[in-house]
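Have the model open as you read.

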Amino acid sequence: MKPRPPNHALSAMRCPVSLEDVDLFSPGAQEHWYEAYPILHAEAPVHRIPGEGLGKGSDGYILTKYSDIARVVRDPERFTPLLSLALDADARARQADPKASSTLNAMLRSMQTLRPDEASWRAHRQELTDPWVGPGATRHTALIEGLVDALIDDWTDPSIDEAEVEFVAAFARPLPQRVMAAVLGFPEADLARLESWGDAMVMPFVHGHGHRNLLPREALEAQARSLEDFARYVLAHVQEKRAQPQDDMISFLTQVTYEALGRKLSDDEIHGVVYAMMIGGLETTQYALEQQAQLLCDDPALFGVLRADRSKVRAFVEEGLRLRAPTQGLSTRMTTRDEEFQGVPVPAGSLLHLRWAAANVDADEYACPYEVDLDRPRLARHLTFSQGQRSCPGASISRLEQTIAWNRLLDRVETMSYAADNTFVHQPGIMLGTLALRLQITPRRD
Ligand code: HEM
């Protein structure tokens with residue numbers, strides 16, 4: 001097996017050895033994130049980024065302790081989500097000028113009407129998304145198994161001795177794309193277009209600058225143009241499915257009576273829900289699968305442990321999600337009053353960057369935090385999907401995809417290791433993932 005090169009060989013940025021070196025956001029920082037976290041925990045668990053708040057003169061703060069982040073996400077009144085701030089700003093602008101058109105994207109527009117308060121956030125999840133991507137996602141088990149098999153058939157055929165496969169392009173990327181298209185009810189023939197719209201949606205998280213993932217104006221305009229096509233495409237499907245419902249999520253959304261409001265959803269509201277499923281449901285699961293493949297290559301014995309006891313696959317998925325959180329951190333909350341974290345005062349109006357990935361390796365929460373431990377107590381309490389009412393609504397379907405993927409691969413792959421020509425360089429942005437991962441696969445014969 002060819003081992004991974006050390007991270008300092010992958011980035012022009014210096015590997016951090018002290019707090020002065022820590023920089024989570026400049027190009028190349030991705031290679032050193034996991035060296036930076038213990039330094040932040042020890043020296044600056046509440047790390048100020050001067051002048052990087054929302055308003056003039058306000059600061060950003062990177063939170064890395066599990067207890068701090070768990071407190072913040074469970075209290076949306078005290079720590080206002082940025083999504084809510086965007087909705088308030090839009091409402092104010094339109095009050096001032098009722099003719100002004102909304103600058104909000106479809107997801108945010110649908111939040112304005114479908115989730116106007118905290119109680120309706122719960123209803124939105126329970127009534128609209130849970131049956132499809134939440135706990136009800138188990139209904140897609142056979143679908144996902146079929147999609148996994150179709151993607152791996154070629155390179156796990158027992159008649160071949162060995163195969164080399166680029167795991168991201170061959171599997172980790174297309175699987176969630178195909179699952180979400182099928183769940184929503186989009187035709188397979190449109191996968192390439194859906195992929196490019198998905199890329200446009202996540203552009204800020206890949207190409208954005210700094211902890212706020214800011215894009216230059218030209219990029220925002222290109223994104224808006226691409227998403228206008230997406231809007232037309234979705235609305236055509238919504239109208240078609242309203243007239244002739246099928247067994248898919250969009251059809252369901254055209255027919256359901258949303259009890260929280262006692263009415264059906266408009267076309268644009270459905271567009272907003274679909275937008276949310278696409279922006280959340282594609283790349284995140286891709287990175288989870290890709291990083292889990294790396295964990296298995298780094299510790300070849302793990303593959304055998306999982307094969308011998310399939311009940312541990314779910315534990316492996318949780319440990320993978322904890323140890324290699326796909327969404328490493330997001331600047332998504334603002335303090336509404338003066339606060340204190342770890343003895344550090346944080347003034348009202350500060351922007352909080354919640355570093356989920358660092359909280360997941362907080363030594364005050366986890367024994368041997370950097371190790372995969374399949375017997376860890378309460379494995380699913382990590383912060384990868386956040387927690388509380390505003391946590392990820394698609395966590396269940398993502399977990400299901402990952403669990404089925406590894407069970408099917410364990411059925412059909414004897415050994416898996418790094419191929420010779422990997423670079424291991426991470427993609428830019430705030431997500432943890434390599435652009436490619438070449439694997440050497442020996443298919444199972446029995
Ligand atoms: C490994 C995979 C995933 C990870 C790591 C992840 C992570 C997260 C996190 C951390 C949040 C909270 C953001 C915040 O509070 O600021 C979130 C929210 C969200 N996620 Fe996920 N997610 C994943 C998969 C999915 C999937 C499969 C879907 C859709 C099917 C999805 C849809 C969403 C949506 C729509 C939100 C915004 C909150 C809402 O509308 O209720 N995510 N996700």
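Of the contacts between residues at least 6 apart in sequence, 70% join residues at least 24 apart. Bear in mind that this is a predicted model. The protein has 17 helices and twelve strands. Its radius of gyration is 22 Å, close to the 22 Å that the globule rule gives for 446 residues, so the protein is as compact as a globular protein of that length. Along the principal axes, the C-alpha atoms fill a box of roughly 70 × 60 × 40 Å. Buried residues account for 40% of the 446 residues.

Now for the helix pair. Two packed helices are described by the angle between their axes and the distance between the axes. Helix 15 and helix 17 pack at about 125°, and their axes are 9 Å apart. That angle makes helix 15 oblique to helix 17, and the crossing is right-handed. The residues that make the contact are set out here:

| Helix | Span | Residues in the contact |
|---|---|---|
| Helix 15 | residues 313–323 | V313, R314, F316 and V317 |
| Helix 17 | residues 395–412 | R399, Q402, T403, W406 and N407 |

By type, the residues of this contact divide into four nonpolar, three polar and two charged.

Finally, what about E218: buried or exposed? E218 belongs to helix 10, which covers residues 217–243. With 8 other C-beta atoms within 10 Å, E218 is exposed, because 12 or fewer count as exposed. R48 lies 170 residues from E218 along the chain, and the C-alpha atoms of the two are separated by 30 Å.

Conventions: Residues numbered from 1 in each chain as written. Predicted model: local features only at pLDDT ≥ 70, side-chain atom pairs only at ≥ 80, totals over all residues. Helix = DSSP H or I, 4+ residues; strand = E, 2+ residues; numbered from the N terminus. Buried ≥ 20, exposed ≤ 12 C-beta atoms within 10 Å, placed from the backbone. Rg over C-alpha atoms; globule rule 2.2 N^0.38 Å. Contact = placed C-beta atoms within 7 Å. Axes fitted to C-alpha atoms, helices over the stretch in contact; angles between N-to-C directions. Parallel < 35°, antiparallel > 145°, perpendicular 65-115°, else oblique. Left-handed = near helix turned anticlockwise from the far one by under 90°. Nonpolar A, V, L, I, M, F, W, Y, C, P; charged D, E, K, R; others polar.
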